[in-house]
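User: Hi! I would like to go through this structure with you, one question at a time. Shall we start?

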Amino acid sequence: MTPTDYVANPQARLALHQRTLSVVMASQVFSGAGLAAGVTVGALLAEQMLGASALSGLPAALYTGGSAIAAFAVGRLSQRLGRRVGLAVGYAAGTLGGAGVVAAAGLDSVVLLLISLLVYGAGTATNLQARYAGADLSAPGRRGRAVSSVLVTTTVGAVIGPNLVASTGRSAEYFGLPALAGPFALAAIAYALAGAILFLLLRPDPLLISRTLHTETAATAPASQAGGVPAGVIAGAASMILTQLVMVAVMTMTPVHMQAHGHDLAATGLVISLHIAAMYLPSLVTGILVDRLGRVPVAVASGVTLLAAGLVSATAPDDSVPLLALALILLGLGWNLGLVSGTAMITDAAPVETRAKIQGTVDLCIALAGATGGIASGLVMTATSYAALSITGGVLALGVIPFVLSRTRRAAA
């Protein structure tokens with residue numbers, strides 16, 4: 001069928017939407033493994049190679065910085081050529097970065113490590129950009145669920161990835177590489193598979209079809225307001241930026257904190273896998289809540305949940321894996337609430353003509369917030385403590401509430 005054929009055929013549009021979701025969800029299973037594997041050991045590998053715990057937050061800063069660049073680039077590329085090309089190129093860059101980290105570990109090259117971590121961040125950005133592809137053809141009242149369907153499938157790979165840390169480490173040692181290089185090899189393979197699925201199967205392109213549908217119906221649609229950034233975009237961006245900043249800061253330092261208190265890689269992998277499961281697994285419920293209760297109440301709940309995460313992690317005994325796991329589960333849940341509600345706000349408010357560009361710019365800001373949280377987390381924990389870092393993050397997360405309420409009041413005015 002041609003793009004214009006979908007305008008007069010609602011059943012074909014629905015079938016295409018369902019197929020698009022299926023393809024994106026399949027790719028996210030692999031993408032989740034790539035994302036989680038590197039996150040689990042990134043700080044530990046940096047500490048090992050750099051020899052300084054104060055710089056252990058540097059990997060998160062680098063790959064979230066690389067994610068910022070990639071988010072902008074993937075958004076612009078998707079705007080021009082469609083989701084299929086934009087997402088495939090993003091995953092190709094993530095693959096290259098993961099392979100570079102493995103090479104850097106084998107060569108003990110700090111320079112190559114830093115460059116590769118920056119490129120590796122493209123996989124993280126692309127992983128998040130994929131959620132927009134799931135909402136391109138969705139009805140407005142079901143956008144939360146469409147976004148959630150994409151996010152929840154990431155859970156499969158995200159839970160498996162950290163739990164393969166030990167086995168991939170042994171495989172790396174078999175080839176004469178440091179054990180911590182193993183998860184990055186897994187990430188490179190997983191990102192390559194995710195990109196291949198999208199490039200081969202995401203046809204026709206959902207963003208291009210959505211743009212055609214809008215063009216065909218524009219003559220009968222009400223004129224949109226011109227001038228300025230829509231309030232819904234600002235509110236959604238604020239929700240996602242603050243939750244990303246807090247989540248990355250606390251998550252990055254948790255493996256370092258656990259290792260410093262005698263926990264092994266298996267315990268660390270378990271805690272991080274539970275955290276990442278909480279980032280994605282609640283998505284189906286979150287999407288329903290966003291569609292039924294509204295975007296703002298769920299965004300407010302994200303700030304409250306992140307505060308609870310900070311309090312639990314700050315007060316958890318150093319030897320208590322269950323309480324640290326609970327804190328990281330709450331941290332992931334708070335991030336999920338902010339991401340799904342914020343994504344729905346932006347998709348609602350962004351004009352389809354510039355939707356991918358706006359989404360890429362917002363994800364650029366989200367990634368920069370993550371980079372700030374990652375690099376600041378090591379410095380803050382070294383200067384104070386893990387508890388102080390956790391409490392600071394929880395209090396900062398409450399900034400979501402007045403900001404989102406203020407912006408939505410302006411939208412209603």
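## Rings, charges and loops

Analyst: Happy to. Y191 is buried, with a relative accessible area of 0%. Keep in mind that this is a predicted model.

User: Which helix holds Y120, and which holds Y191, and how far apart in sequence are the parts that the pair ties together?

Analyst: The ring centres of Y120 and Y191 are 5.9 Å apart, so we can look at where each partner sits. Y120 belongs to helix α4 (residues 110–135) and Y191 to helix α7, so the pair ties together parts that are 71 residues apart in sequence.

User: Thanks! Are the planes of Y120 and Y191 stacked, edge-to-face or tilted?

Analyst: Planes under 30 degrees apart would be stacked and those over 60 edge-to-face. The planes of Y120 and Y191 stand at 50°, so the pair is tilted.

User: Is Y120 buried or exposed?

Analyst: The cut-off for buried is under 20% relative accessible area. Y120 has a relative accessible area of 1%, so Y120 is buried.

User: How many aromatic pairs are found in the whole structure, and which residues do ring pairs link into a cluster?

Analyst: Searching the whole structure gives five aromatic pairs. As for the cluster, ring pairs join Y91, Y120, F184 and Y191.

User: Which ring does the charged end of R131 sit over, and which one does R84 lie over?

Analyst: The charged end of R131 is placed over the ring of Y132, at 4.1 Å from its centre. R84, at 4.6 Å from the ring centre, lies over the face of F199.

User: Let us move on to salt bridges. How many are there, and which residue meets R143 in one?

Analyst: The count comes to seven salt bridges. In one of these, with an N to O distance of 3.0 Å, the side chain of R143 meets that of D348.

User: How far apart in sequence are the parts tied together by R143 and D348?

Analyst: R143 lies in helix α5 (residues 143–163). D348 lies in helix α13 (residues 321–349), so with R143 in helix α5 the pair ties together parts that are 205 residues apart in sequence.

User: What does the side chain of R145 meet in a salt bridge, and how many residues apart is the pair?

Analyst: R145 and D291 meet through their side chains in a salt bridge of 2.9 Å, N to O. R145 is in helix α5 and D291 in helix α11 (residues 283–293), which places these distant parts of the chain 146 residues apart.

User: Which residues are linked in the network of salt bridges?

Analyst: The R145 and D291 side chains meet in a salt bridge, and D291 also meets R295 in another. The linked residues are R143, R145, D291, R295 and D348.

User: Now the backbone. Which peptide bond is cis, and which residue other than glycine has a positive phi?

Analyst: Most residues other than glycine have a negative phi, and most peptide bonds are trans, so both cases deserve a look. The cis peptide bond runs from R203 to P204, with omega near -10°, and P204 is found in the loop between α7 and α8 (206–217). A phi near 55° belongs to D108.

User: Where does D108 lie, and is it buried or exposed?

Analyst: D108 is located in the loop between α3 (83–107) and α4. Its relative accessible area is 56%, so D108 is exposed.

User: Last one: which residues make the nonpolar surface patch, and what is its area?

Analyst: One member, L193, lies in helix α7 (residues 182–201) and is partly exposed, at a relative accessible area of 38%. The patch is made by F30, I189 and L193, and its area is about 260 Å².

Methods: Residues are numbered from 1 along each chain as its sequence is written. This is a predicted model: local features need pLDDT of at least 70, side-chain atom pairs count only at pLDDT 80 or more; totals for chains, interfaces and linings use all residues. Side-chain values use heavy atoms; hydrogens and water are left out. Patches are made of residues with over 30% relative accessible area and no salt bridge: like charges are joined within 9 Å, nonpolar side chains (Val, Leu, Ile, Met, Phe, Trp, Tyr) within 5 Å. Accessible areas come from the Shrake-Rupley method with a 1.4 Å probe; for residues, only the protein chains shown count as cover. A salt bridge is a side-chain nitrogen of Lys or Arg within 4 Å of a carboxyl oxygen of Asp or Glu. Helices (H or I, at least four residues) and strands (E, at least two) are DSSP runs, numbered from the N terminus. Buried means under 20% relative accessible area, exposed over 50%, partly exposed in between (1.4 Å probe, protein chains only). Rings of Phe, Tyr and Trp (its six-membered ring) pair if their centres lie within 6.5 Å; planes under 30 degrees apart count as stacked, over 60 as edge-to-face and the rest as tilted. A charge sits over a ring if NZ of Lys or CZ of Arg is within 6 Å of the ring centre and within 35 degrees of the ring normal.
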